[in-house]
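The sequence and structure are shown first.

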Amino acid sequence: MPATSPDAALVARVYDALAAIHRDETWHWDSAHGRGPMDIIAGAVLVQHTTWTNAERALNALRDAGALDAGALIALPDDRIAALVRVSGTPTVKARRLRAVAETIVAAGGIDTLMALPRDELRERLLATHGIGPETADAIALYAAGARTFIIDAYTRRLFSRIGGGPGEGAPYAAWQRWFEDALPAADAAHFQRFHAYIVLHAKAICAARPRCGSCALRTWCRQGSTG
DNA sequence: TGCCAGGGATTAG
DNA sequence: CTAATCCATGGC
């Protein structure tokens with residue numbers, strides 16, 4: 001048995017604590033919700049810089065219009081897509097991004113072919129797409145393709161920085177991702193999926209609202225005076 | 001009323 | 001290279 005690193009132990013303890021709190025809650029990208037890959041891909045773009053509530057409204061509008069499909073999206077003019085996704089904010093930006101990701105899907109030979117690519121090649125193609133940065137690429141890879149990759153978002157940085165873990169809140173995306181993946185060498189994609197969901201559920205419930213995590217179950221781990 | 005949301009591209013320094 | 005700035009609606 002290899003010795004467990006302090007980082008690995010910390011990450012495992014946080015996971016267990018979050019699981020104890022949120023185990024019975026559902027999350028919008030749980031596989032039990034039966035969303036297809038296109039829902040997750042479009043949702044990942046629509047949720048950028050907004051809340052899931054508004055992203056889902058836009059997603060429903062696309063579905064009702066029959067536009068939740070790469071070919072259909074490409075066939076629509078940008079202003080029509082923008083009108084459909086308006087409620088999620090920055091509609092012209094997101095219309096262009098949805099078109100770009102639809103073009104990536106078609107260029108790959110279809111969504112199933114794209115989702116079946118190995119993690120690194122999938123990430124590479126997604127990152128080469130206009131409007132898809134590292135976080136959105138990993139959200140798609142992890143939840144739509146089931147690839148083993150960890151998502152680094154603002155909540156993850158904030159939570160682990162507060163309790164004294166991670167490479168520092170302002171560290172590059174790749175550094176955070178490496179830190180997590182090194183700390184979870186044996187975890188599979190399903191574990192990464194649940195972990196990310198727990199972090200978001202937890203942050204949404206507590207951290208975003210309370211500067212010092214006063215009522216949070218993780219508060220004893222928070223560094224004194226931390227304000228994030 | 002004003003601030004900001006699970007980001008990313010672009011422009012400026 | 002890092003740091004602002006823009007996008008723009010809905011919720012509190």
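Domain bounds, as used in this report, come from an automatic or database domain assignment. The model discussed here is predicted.

**Domain organisation**

Chain A is divided into two parts: domain 1 comprises 6–27 + 152–221, and domain 2 comprises 35–144. Taken over C-alpha atoms, the centres of domain 1 and domain 2 are separated by 26 Å. To the contact between them, domain 1 contributes 7 residues and domain 2 contributes 4 residues. On the side of domain 1 that touches domain 2, helix α12 (residues 189–207) provides the largest share, 4 residues. That side of domain 1 consists, by class, of 4 nonpolar, 2 polar and 1 charged residues.

**A helix pair**

Helix α1 (residues 6–22) and helix α11 (residues 173–183) have axes that come within 8 Å and cross at roughly 85°. Angles of 65 to 115 degrees count as roughly perpendicular, and α1 is therefore roughly perpendicular to α11. From α1, the contact involves Asp 7, Ala 8 and Val 11, while α11 supplies Trp 179, Phe 180 and Ala 183. Of the residues in this contact of α1 with α11, 5 are nonpolar, none is polar and 1 is charged.

**Surroundings of the DNA strands**

DNA strand B is surrounded by 24 residues, of which the closest are Gln 48, His 49, Gly 133, Glu 135 and Thr 136. Two or more residues of the surface near DNA strand B are given by each of α9 (134–144) and α10 (154–162). Helix α9 gives the most to this surface, with 4 residues.

Around DNA strand C lie His 49, Thr 50, Thr 53, Asn 54, Arg 86, Val 87, Gly 89, Thr 90, Pro 91, Thr 92 and Val 93. For the surface near DNA strand C, at least two residues come from each of α3 (52–64) and α6 (91–107). The largest share of that surface, 3 residues, is supplied by α6.

The table sets out the residue classes of the two surfaces.

| Surface | Nonpolar | Polar | Charged |
|---|---|---|---|
| Near DNA strand B | 11 nonpolar residues | 11 polar residues | 2 charged residues |
| Near DNA strand C | 3 nonpolar residues | 7 polar residues | 1 charged residue |

Technical notes
Residues numbered from 1 in each chain as written. Chains lettered and ligands numbered in written order. Predicted model: local features only at pLDDT ≥ 70, side-chain atom pairs only at ≥ 80, totals over all residues. Near = placed C-beta within 6 Å. Nonpolar A, V, L, I, M, F, W, Y, C, P; charged D, E, K, R; others polar. Contact = placed C-beta atoms within 7 Å. Axes fitted to C-alpha atoms, helices over the stretch in contact; angles between N-to-C directions. Parallel < 35°, antiparallel > 145°, perpendicular 65-115°, else oblique.
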